Amino acid sequence: DVTSRRGTDYYAVFADIPEADREAWERAQAYIDEVGTRMLDAWDTGAYPLDIAMRAGELDLFNDGIVHPGLTRFSPLAAGLVNMEISRGDGSLGTVLAVQGGLALRTLALFGSDEQQARWLVPVARGEVAASFALTEPDHGSDSVSLETVARWDADAGDWVIDGAKKWIGNGASGGITFVWARIDAPEDEHHGAVRCFLVEQDTPGYTGTVIAGKASLRGIHQAHIALDGVRVPADAVLPGTKTFKDASTVLYSTRSGVAWSALGHATACYEAALAYAQQRVQFGKPLARFQMVQERLAQMLEELTAMQLYCRWMADLEERGELRPTQASLAKYHNTRAARRIASVARDLLGGNGILLEYGVMQHMADIEAIHTYEGTESIQALLIGRDITGMSAFA
Ligand code: FAD
């Protein structure tokens with residue numbers, strides 16, 4: 001039973017979950033039980049088993065709060081619990097959820113035309129088509145507002161022509177579709193100079209996705225460099241709801257809360273591993289858990305874990321009421337990824353030498369937390385967003 005884990009939910013933060021949300025949570029747990037071992041191998045070898053990743057769609061786990069005919073809507077709490085549970089099992093799959101179900105699906109649902117939604121929304125939600133969200137560029141990460149990818153209007157052909165480069169794009173070389181954010185170059189167009197989003201099929205000539213090699217985090221999935229060389233897409237490839245860069249920010253604001261849940265999943269796994277290990281590992285004739293300093297460290301982990309849970313639960317309730325402010329999601333992401341890093345580090349240490357072995361279930365989380373700490377806005381960028389909100393002064397540039 002997902003709610004009766006030994007001591008991880010000390011304040012019964014998740015004890016009173018509505019039935020539908022609990023059912024989604026249990027489905028996520030069953031998914032992880034089904035694929036966990038294969039994902040551990042994938043992490044070890046650096047392969048990306050796309051079939052496992054897309055299986056989450058078959059199990060209806062990608063919906064993430066989207067309202068659309070043919071899809072069951074997740075409440076923010078259900079979406080969060082699913083995210084937590086998948087990340088607790090495997091961070092690589094947690095990130096697929098964030099990319100496919102969070103960034104890509106949300107972009108389409110918020111800004112896509114009726115035709116785009118009718119064609120792609122259900123296939124993406126069901127995992128029949130891999131989808132990606134391409135905002136970051138080699139030279140523009142935190143300042144993606146300055147992105148240089150250009151979409152030029154070719155009036156003679158009646159096409160858009162996209163040129164540029166993207167970096168770090170989850171599912172960017174998986175043979176599906178990519179939502180490409182680009183700056184409009186069309187002097188006659190009312191949006192000239194603004195950033196808009198285009199739906200690009202990855203088999204379009206000029207689109208080249210290359211898997212980024214040498215990753216020491218989220219090794220069970222791929223991120224890609226994308227080269228866009230004269231990629232021609234039809235006039236209706238633009239997502240009509242996207243008008244400025246702020247629309248990209250809107251997507252990121254809503255998925256940031258997901259990262260806070262993901263961090264909670266990772267930290268839960270690390271705490272569980274440390275607690276179990278401390279109880280069975282005997283040194284100096286006693287289980288580690290009998291030593292005062294070990295108990296203190298377990299208490300410190302639980303203290304932080306509980307704070308993470310409270311952020312998440314409260315955030316989900318605010319979101320359900322339509323009251324969650326973007327900077328509240330920033331603060332939760334800021335707190336939770338920082339706390340997850342500390343918990344993972346202590347857990348790693350408590351496991352001694354075994355802590356660096358994948359099979360003991362901490363090292364992989366420790367490495368994966370590094371990625372979620374950075375993506376969807378780094379620690380410093382979240383601090384600047386919160387700082388601007390509480391002081392009324394922007395310190396970005
Ligand atoms: P930089 O922006 O170069 O930052 C480097 C350091 O400088 C950081 O510590 C940062 O906090 C600090 N810094 C920057 N500006 C300031 C400032 N004004 N004041 C103080 N400090 C500052 N992007 C996508 O579009 N789609 C994806 O699917 C995607 N997936 C990703 C998956 C992974 C595993 C990773 C690692 C990244 C992914 N990203 C994706 C990109 C991610 O969003 C960026 O890496 C992130 O925004 C940071 O940009 P950067 O890496 O260029 O770092």
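The points below are grouped by topic.

This is a predicted model, in which local features need pLDDT of at least 70, side-chain atom pairs count only at pLDDT 80 or more, and totals for chains, interfaces and linings use all residues. Residues are numbered from 1 along each chain as its sequence is written.

**Overall fold**
- The protein has 10 helices and 9 strands, taken as DSSP runs (helices H or I, at least four residues; strands E, at least two) and numbered from the N terminus.
- Its radius of gyration is 21 Å, close to the 21 Å from the globule rule for 397 residues, so the protein is as compact as a globular protein of that length. The radius is taken over C-alpha atoms, and the rule is 2.2 Å times the number of residues to the power 0.38.
- The C-alpha trace spans about 80 × 45 × 40 Å along its principal axes.

**Ligand surroundings**
- The shell around the ligand holds 21 residues, of which Thr136, Gly141, Ser142, Thr378 and Ser380 come nearest; a residue is near if its C-beta atom, placed from the backbone, lies within 6 Å.
- At least two shell residues come from each of β1 (131-134), β3 (159-170), α9 (363-374) and α10 (379-391).

**Annotated domain**
- An unreviewed UniProt entry annotates residues 246-390 as "domain: Acyl-CoA dehydrogenase/oxidase C-terminal"; UniProt positions are given in the numbering used here, feature names are shortened, and annotations may be inferred rather than shown by experiment.
- Residues 246-390 are 78% helix and 3% strand, and their end C-alpha atoms lie 20 Å apart.
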